[in-house]
Amino acid sequence: MMTQAGGKIRAGLTRMAITPLAALLALPGCVAINVSDNGPAASADAPEHHDYPEATPYDVTVDPMVEVDAALARAAERDTRLLLVMGGNWCHDSRALAGWLETERFANLIEEHYELVFVNIGLPQTGDGHNLHIAERFGVVDIEGTPNVLVVTPDGLLVNRGTAKSWRNAASRSEDAIYDELVELADRPAGIQPVEGIEIAQ
(Lines give C-alpha, C1' and ligand atoms only; values in the text may rest on other atoms or scores of the structure.)
Protein backbone atom coordinates (compact mmCIF):
# COMPACT_ATOMS: atom_id res chain seq x y z
CA MET A 1 0.00 0.00 0.00
CA MET A 2 1.53 3.31 -1.10
CA THR A 3 1.40 6.28 1.25
CA GLN A 4 0.29 9.67 -0.03
CA ALA A 5 3.83 11.04 0.46
CA GLY A 6 5.35 8.07 -1.33
CA GLY A 7 2.96 8.56 -4.23
CA LYS A 8 3.98 12.21 -4.57
CA ILE A 9 7.67 11.32 -4.55
CA ARG A 10 7.21 8.62 -7.18
CA ALA A 11 5.11 10.95 -9.37
CA GLY A 12 7.79 13.63 -9.07
CA LEU A 13 10.52 11.19 -10.10
CA THR A 14 8.42 10.09 -13.08
CA ARG A 15 8.03 13.70 -14.24
CA MET A 16 11.79 14.24 -13.89
CA ALA A 17 12.51 11.17 -16.03
CA ILE A 18 10.06 12.19 -18.75
CA THR A 19 11.09 15.83 -19.06
CA PRO A 20 14.50 15.27 -20.76
CA LEU A 21 12.93 12.87 -23.26
CA ALA A 22 10.16 15.37 -24.02
CA ALA A 23 12.79 18.02 -24.61
CA LEU A 24 14.63 15.75 -27.05
CA LEU A 25 11.46 14.92 -28.92
CA ALA A 26 10.77 18.62 -29.36
CA LEU A 27 13.85 18.94 -31.57
CA PRO A 28 13.09 19.14 -35.29
CA GLY A 29 13.37 15.95 -37.32
CA CYS A 30 14.63 12.66 -36.02
CA VAL A 31 16.19 12.60 -32.56
CA ALA A 32 19.04 10.26 -31.69
CA ILE A 33 19.71 8.73 -28.32
CA ASN A 34 22.86 6.71 -27.69
CA VAL A 35 21.76 3.33 -26.42
CA SER A 36 25.22 2.61 -25.02
CA ASP A 37 28.66 4.13 -24.91
CA ASN A 38 29.81 1.99 -27.82
CA GLY A 39 26.50 1.12 -29.47
CA PRO A 40 24.77 2.86 -32.35
CA ALA A 41 22.38 5.74 -31.93
CA ALA A 42 18.73 4.75 -32.12
CA SER A 43 15.82 6.92 -33.16
CA ALA A 44 13.87 7.92 -30.08
CA ASP A 45 10.62 8.57 -31.90
CA ALA A 46 10.65 5.74 -34.44
CA PRO A 47 7.48 3.66 -34.39
CA GLU A 48 7.94 -0.06 -33.74
CA HIS A 49 5.53 -0.99 -36.56
CA HIS A 50 5.20 1.02 -39.74
CA ASP A 51 3.83 0.85 -43.27
CA TYR A 52 6.86 2.15 -45.13
CA PRO A 53 9.93 0.36 -46.47
CA GLU A 54 13.33 1.20 -45.00
CA ALA A 55 16.82 1.53 -46.45
CA THR A 56 20.14 2.70 -45.02
CA PRO A 57 22.16 4.26 -47.86
CA TYR A 58 23.59 7.19 -45.89
CA ASP A 59 27.13 5.90 -45.75
CA VAL A 60 30.04 7.95 -44.48
CA THR A 61 32.22 8.67 -47.52
CA VAL A 62 35.56 10.40 -47.85
CA ASP A 63 34.38 13.20 -50.16
CA PRO A 64 30.66 13.20 -51.01
CA MET A 65 31.11 16.45 -52.95
CA VAL A 66 32.83 14.38 -55.64
CA GLU A 67 29.66 12.28 -55.93
CA VAL A 68 27.57 15.45 -56.17
CA ASP A 69 29.78 16.86 -58.94
CA ALA A 70 29.64 13.58 -60.86
CA ALA A 71 25.83 13.52 -60.56
CA LEU A 72 25.59 17.09 -61.84
CA ALA A 73 27.76 16.12 -64.81
CA ARG A 74 25.47 13.18 -65.58
CA ALA A 75 22.45 15.46 -65.20
CA ALA A 76 23.90 17.81 -67.81
CA GLU A 77 24.47 14.92 -70.21
CA ARG A 78 21.05 13.33 -69.68
CA ASP A 79 18.98 16.52 -69.19
CA THR A 80 17.92 15.40 -65.72
CA ARG A 81 18.25 16.90 -62.24
CA LEU A 82 20.25 16.14 -59.13
CA LEU A 83 18.14 14.59 -56.37
CA LEU A 84 20.26 15.17 -53.28
CA VAL A 85 18.98 13.42 -50.15
CA MET A 86 20.82 14.42 -46.97
CA GLY A 87 20.12 12.36 -43.87
CA GLY A 88 21.38 9.61 -41.61
CA ASN A 89 20.93 5.87 -41.17
CA TRP A 90 20.05 6.42 -37.50
CA CYS A 91 16.95 8.48 -38.48
CA HIS A 92 13.67 6.68 -39.20
CA ASP A 93 12.45 9.51 -41.45
CA SER A 94 15.67 9.25 -43.48
CA ARG A 95 15.35 5.46 -43.70
CA ALA A 96 11.70 5.72 -44.73
CA LEU A 97 12.40 8.17 -47.54
CA ALA A 98 15.32 6.07 -48.78
CA GLY A 99 13.14 2.97 -48.61
CA TRP A 100 10.53 4.50 -50.89
CA LEU A 101 13.20 5.75 -53.31
CA GLU A 102 14.52 2.21 -53.68
CA THR A 103 11.16 0.72 -54.68
CA GLU A 104 10.46 -0.03 -58.35
CA ARG A 105 7.92 2.76 -58.70
CA PHE A 106 10.37 5.42 -57.53
CA ALA A 107 13.34 3.84 -59.28
CA ASN A 108 11.59 4.31 -62.61
CA LEU A 109 10.88 7.95 -61.84
CA ILE A 110 14.48 8.54 -60.75
CA GLU A 111 15.86 6.79 -63.83
CA GLU A 112 13.88 9.12 -66.09
CA HIS A 113 14.28 12.44 -64.27
CA TYR A 114 17.02 12.39 -61.63
CA GLU A 115 20.57 11.60 -60.60
CA LEU A 116 20.21 10.39 -57.01
CA VAL A 117 22.87 11.00 -54.37
CA PHE A 118 22.58 10.19 -50.66
CA VAL A 119 24.78 12.16 -48.26
CA ASN A 120 25.31 11.41 -44.57
CA ILE A 121 25.03 14.60 -42.52
CA GLY A 122 25.37 13.13 -39.03
CA LEU A 123 23.27 14.73 -36.31
CA PRO A 124 22.79 18.43 -37.06
CA GLN A 125 20.11 18.49 -34.33
CA THR A 126 22.81 18.18 -31.69
CA GLY A 127 25.44 20.33 -33.38
CA ASP A 128 27.24 17.22 -34.67
CA GLY A 129 26.36 17.68 -38.32
CA HIS A 130 28.79 17.22 -41.18
CA ASN A 131 28.84 17.71 -44.95
CA LEU A 132 26.52 20.66 -44.43
CA HIS A 133 28.71 22.69 -46.79
CA ILE A 134 27.18 20.68 -49.63
CA ALA A 135 23.72 22.06 -48.86
CA GLU A 136 25.20 25.53 -48.40
CA ARG A 137 26.66 25.30 -51.90
CA PHE A 138 23.08 25.39 -53.20
CA GLY A 139 21.84 28.02 -50.78
CA VAL A 140 20.40 25.81 -48.03
CA VAL A 141 21.69 26.89 -44.62
CA ASP A 142 20.87 26.30 -40.96
CA ILE A 143 19.93 22.64 -41.34
CA GLU A 144 18.50 21.45 -38.03
CA GLY A 145 17.05 18.04 -38.84
CA THR A 146 17.01 15.06 -41.16
CA PRO A 147 16.32 14.25 -43.92
CA ASN A 148 16.58 17.14 -46.36
CA VAL A 149 15.85 16.92 -50.10
CA LEU A 150 17.46 19.25 -52.61
CA VAL A 151 16.47 19.18 -56.27
CA VAL A 152 19.12 20.92 -58.36
CA THR A 153 19.40 21.67 -62.07
CA PRO A 154 22.59 20.69 -63.94
CA ASP A 155 23.79 24.29 -63.72
CA GLY A 156 23.43 24.34 -59.93
CA LEU A 157 20.11 26.08 -59.39
CA LEU A 158 18.06 24.82 -56.46
CA VAL A 159 14.49 24.14 -57.59
CA ASN A 160 12.82 23.67 -54.18
CA ARG A 161 14.32 26.28 -51.90
CA GLY A 162 11.10 26.62 -49.91
CA THR A 163 10.66 22.91 -49.19
CA ALA A 164 14.20 21.46 -49.10
CA LYS A 165 14.16 21.30 -45.30
CA SER A 166 10.53 20.20 -44.98
CA TRP A 167 11.13 16.45 -45.31
CA ARG A 168 11.72 15.71 -41.62
CA ASN A 169 8.30 14.04 -41.47
CA ALA A 170 9.01 11.67 -44.36
CA ALA A 171 8.00 8.59 -42.37
CA SER A 172 4.55 10.11 -41.88
CA ARG A 173 4.02 10.95 -45.55
CA SER A 174 2.20 8.61 -47.88
CA GLU A 175 3.90 6.95 -50.81
CA ASP A 176 1.70 8.91 -53.22
CA ALA A 177 2.44 12.25 -51.54
CA ILE A 178 6.19 11.71 -51.84
CA TYR A 179 5.90 10.47 -55.41
CA ASP A 180 3.68 13.35 -56.53
CA GLU A 181 6.04 15.94 -55.07
CA LEU A 182 9.05 14.41 -56.83
CA VAL A 183 7.12 14.31 -60.11
CA GLU A 184 6.30 18.01 -59.73
CA LEU A 185 9.87 18.92 -58.83
CA ALA A 186 11.20 17.08 -61.88
CA ASP A 187 9.53 19.65 -64.16
CA ARG A 188 9.29 22.72 -61.97
CA PRO A 189 10.90 25.74 -63.67
CA ALA A 190 14.08 26.85 -61.95
CA GLY A 191 14.16 30.61 -61.61
CA ILE A 192 17.29 32.59 -60.85
CA GLN A 193 17.55 32.53 -57.09
CA PRO A 194 20.17 34.76 -55.49
CA VAL A 195 22.41 33.10 -52.93
CA GLU A 196 23.98 35.24 -50.23
CA GLY A 197 27.59 36.02 -51.13
CA ILE A 198 27.22 35.03 -54.78
CA GLU A 199 26.52 37.58 -57.50
CA ILE A 200 24.45 36.41 -60.48
CA ALA A 201 25.03 38.30 -63.71
CA GLN A 202 21.85 39.74 -65.22
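**View 1. Leu72 is a buried residue of helix H2.** At 7% relative accessibility, Leu72 counts as buried, where buried means under 20% relative accessible area, exposed over 50% and partly exposed in between (1.4 Å probe, protein chains only). Leu72 is found in H2. Helices (H or I, at least four residues) and strands (E, at least two) are DSSP runs, numbered from the N terminus. This is a predicted model: local features need pLDDT of at least 70, side-chain atom pairs count only at pLDDT 80 or more, and totals for chains, interfaces and linings use all residues. Residues are numbered from 1 along each chain as its sequence is written, and side-chain values use heavy atoms, with hydrogens and water left out. Leaving aside neighbours within four places in sequence, Leu72 is in contact with Leu82, Arg137, Phe138, Val152, Thr153 and Pro154; contact means heavy atoms within 4.5 Å. Leu72 and Val152 are 80 residues apart in sequence, yet their C-alpha atoms are 8.3 Å apart in space.

View 2. H2 runs over residues 64-78 and has 15 residues. From first C-alpha to last, H2 reaches 21 Å, close to the 21 Å expected at 1.5 Å a residue; the expected span is 1.5 Å times one less than the number of residues. Pro64, Met65, Val68, Ala71, Leu72 and Ala75 are buried. They cover an arc of only 115° around the axis, which puts them on the same side of H2. The arc is that of the directions from the helix axis to the C-beta atoms. Their cover includes strand E3 (81-87), strand E4 (114-120), helix H5 (132-137) and strand E7 (148-152).

View 3. In H4 (residues 104-113), Phe106, Leu109 and Ile110 are buried. Seen down the axis, these residues fall within an arc of 100°, so they line one face of H4. They pack against E3, helix H3 (92-101), E4 and helix H6 (175-187). The face turned away from the buried side carries the exposed residues Glu104, Glu111 and Glu112.

**View 4. Helix H4 beside helix H6.** The axes come within 11 Å and cross at roughly 5°. Axes are lines fitted to C-alpha atoms, for helices over the stretch in contact, and angles run from 0 to 180 degrees between N-to-C directions. H4 and H6 are therefore roughly parallel to each other; angles under 35 degrees count as roughly parallel. H4 brings Arg105, Phe106, Leu109 and His113 to the contact. Residues from H6 include Ile178, Tyr179, Leu182 and Val183.

**View 5. The largest nonpolar core.** This core has 26 residues. A nonpolar core is a set of buried Ala, Val, Leu, Ile, Met, Phe, Trp, Tyr and Cys residues joined through side-chain atoms within 4.5 Å. Leu83, Leu97, Leu101, Tyr114 and Leu182 have the most contacts inside the core. E3, H3, H4, E4, E7 and H6 each give two or more residues to it. Apart from this core lies another, of 19 residues, among them Ile134, Val140, Val152 and Ala164.

**View 6. Backbone exceptions in two loops.** Most residues other than glycine have a negative phi, and most peptide bonds are trans. Asp79 lies in the loop between H2 and E3 and has a positive phi of about 60°. Asp79 is exposed, with a relative accessible area of 71%. Asp142 lies in the loop between H5 and E7, with a positive phi near 55°. Asp142 is exposed too, at 60%. Pro147 is also found in the loop between H5 and E7. A cis peptide bond joins Thr146 to Pro147, with omega about -5°.

Methods:
Parallel < 35°, antiparallel > 145°, perpendicular 65-115°, else oblique.
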